[in-house]
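Today I am looking up helix contacts and salt bridges.

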Amino acid sequence: GVMVERVEVKDVRVPEQLQRAMAAEAEAAREARAKVIAAEGEHKASRSLRLAAEVITDSPAALQLRYLQTLNSISAENNSTIIFPVPIDIMSSFMQSNNNNQQQQLFQQQMFQGLQQPNFSQHPSSMTPPSSS
């Protein structure tokens, strides 16, 4: 008999359709790994935010210090625009009072218009003149 010690493959031709399938599989595996890495990053970020919220809850001055630190870093970059964040509770009370003011103004406009314009939907014989008392 013949004994084969080794085999060397020099040129392998893979059909194009199989190449595309292998490339798609490799791409899907890369995307899956990227999603796992992104999810781990989001998880770590959410834990860090929770810890930061606990620190700020324990010490309200920490929020003010962080705010000043942010303003300092923004001003160091020579930006022309600085955004001042306003706490949501202040904005919500302002929005509520603004909404109430708008409702009152609308009501007053409707009342004023109602006094100026006669109601022509009624028959003229049923309209009574205003009393002089």
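Cut-offs before anything else: I call a residue buried under 20% relative accessible area, exposed over 50% and partly exposed in between (1.4 Å probe, protein chains only). The model is predicted, so I take local features at pLDDT of at least 70 and side-chain atom pairs at pLDDT 80 or more, while totals for chains, interfaces and linings use all residues. Residues are numbered from 1 along each chain as its sequence is written, and side-chain values use heavy atoms, without hydrogens and water.

Salt bridges: I count a side-chain nitrogen of Lys or Arg within 4 Å of a carboxyl oxygen of Asp or Glu. The structure has four of them.

How exposed is E54? At 40% relative accessibility, E54 is partly exposed. Its partner is R50, with the closest N and O atoms 3.7 Å apart. R50 is partly exposed too, at 48%.

E27 pairs with R30 at 2.6 Å. I noted 35% relative accessible area for E27 and 43% for R30.

R13 and D11 also form a salt bridge, 3.5 Å from N to O, and both are exposed.

Helices: I take them as DSSP runs (H or I, at least four residues), numbered from the N terminus. The axes (lines fitted to C-alpha atoms over the stretch in contact, angles from 0 to 180 degrees between N-to-C directions) of helix 1 (residues 16–58) and helix 2 (residues 60–76) come within 4 Å and cross at roughly 115°. With contact meaning heavy atoms within 4.5 Å, I find V55, I56, T57 and D58 of helix 1 touching P60, A62 and L63 of helix 2.

Just after helix 2, N78 has a positive phi of about 60°.

Conventions: Helix = DSSP H or I, 4+ residues; strand = E, 2+ residues; numbered from the N terminus.
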